[in-house]
Amino acid sequence: MITPIYAALLAFLYVFLSARVIKLRMKYQVGIGDGEQTLLTRAIRVQANFGEYIPFALLLIWMYESMNGAPVLVHVFGAVLCLGRLLHSYGVSQQKETLIFRQSGMMMTFAVIIFCAISILLKYVG
């Protein structure tokens with residue numbers, strides 16, 4: 001199984017993103033919400049966006065792999081997903097956001113979801 005490697009790597013990133021939210025909450029003394037602190041708002045959104053997309057993307061990768069999908073393609077999906085999430089996290093986390101990182105990260109995430117879904121359908125009908 002290959003997908004668990006990428007799930008583990010992404011788990012470390014999720015814990016890092018969560019720890020950053022906690023650190024900023026402590027710094028700004030904000031328990032609920034964002035206290036109108038721009039960096040905290042951004043950190044919360046990065047963590048939430050991760051939580052919104054990663055489980056579904058990993059599930060699709062795992063489904064493709066469990067259908068005897070090409071191992072090299074599983075690695076490509078996993079690596080692109082990891083890189084995309086790193087780029088997105090970096091881009092959104094900046095107070096003066098460099099939009100290219102955010103956009104590239106989301107495009108990579110969407111590409112994994114779309115190409116993985118297509119690959120699953122092709123294996124199913126093929």
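Predicted model: local features only at pLDDT ≥ 70, side-chain atom pairs only at ≥ 80, totals over all residues.

**Entry 1: the surface and the whole chain**

I then looked at the overall build, and the protein has 4 helices and 0 strands, which along the sequence gives the pattern α-α-α-α. The C-alpha trace spans about 55 × 25 × 20 Å along its principal axes. I noted that 37% of the 126 residues count as buried. For contacts between residues at least 6 apart in sequence, I wrote down that 65% join residues at least 24 apart.

Which residues make the nonpolar surface patch? I listed Phe110, Ile114, Phe115, Ile118, Leu122, Tyr124 and Val125, and together they make a patch of about 780 Å². I picked leucine 122 from this list and placed it in helix α4, which covers residues 99-125. Leucine 122 has a relative accessible area of 56%, so it counts as exposed, the cut-off being over 50%.

I also looked up valine 72, which lies in helix α3, residues 71-93. Its relative accessible area is 60%, and valine 72 is therefore exposed. Between valine 72 and isoleucine 2 I found a separation of 70 residues in sequence, while their C-alpha atoms are 9.6 Å apart in space.

Where in the chain do glutamate 97 and arginine 42 sit? Glutamate 97 forms a salt bridge with arginine 42, and their closest N and O atoms are 2.7 Å apart. This pair links distant parts of the chain, since glutamate 97 is in the loop between α3 and α4 and arginine 42 is in helix α2 (residues 38-66), 55 residues apart. Is arginine 42 buried or exposed? Its relative accessibility is 19%, and because buried means under 20%, arginine 42 counts as buried.

Glutamate 97 also forms a salt bridge with arginine 102, where the closest N and O atoms are 3.3 Å apart. Arginine 102 is partly exposed, at a relative accessible area of 36%. Salt bridges with shared partners join Arg42, Glu97 and Arg102 into one network.

A further salt bridge that I noted runs between arginine 45 and glutamate 52, with the closest N and O atoms 3.4 Å apart. Arginine 45 has a relative accessible area of 38% and is partly exposed, and glutamate 52, at 44% relative accessibility, counts as partly exposed too.

**Entry 2: positive phi values in the loops**

What is the phi value of glutamine 29? I read a value near 55°, which is positive in a residue other than glycine. Glutamine 29 is in the loop between α1 (3-28) and α2, and it is exposed, with a relative accessible area of 73%.

Asparagine 68 also has a positive phi, near 60°, and is a residue other than glycine. I located asparagine 68 in the loop between α2 and α3, and at 67% relative accessibility it counts as exposed.

Notes
Residues numbered from 1 in each chain as written. Heavy atoms only, no water. Helix = DSSP H or I, 4+ residues; strand = E, 2+ residues; numbered from the N terminus. Buried < 20%, exposed > 50% of the residue type's maximum accessible area, 1.4 Å probe, protein only. Contact = heavy atoms within 4.5 Å. Patch = residues over 30% accessible without salt bridge, like charges linked within 9 Å, V, L, I, M, F, W, Y side chains within 5 Å. Areas by Shrake-Rupley, 256 points an atom, 1.4 Å probe, with all protein chains shown as cover. Salt bridge = Lys/Arg side-chain N within 4 Å of Asp/Glu carboxyl O.
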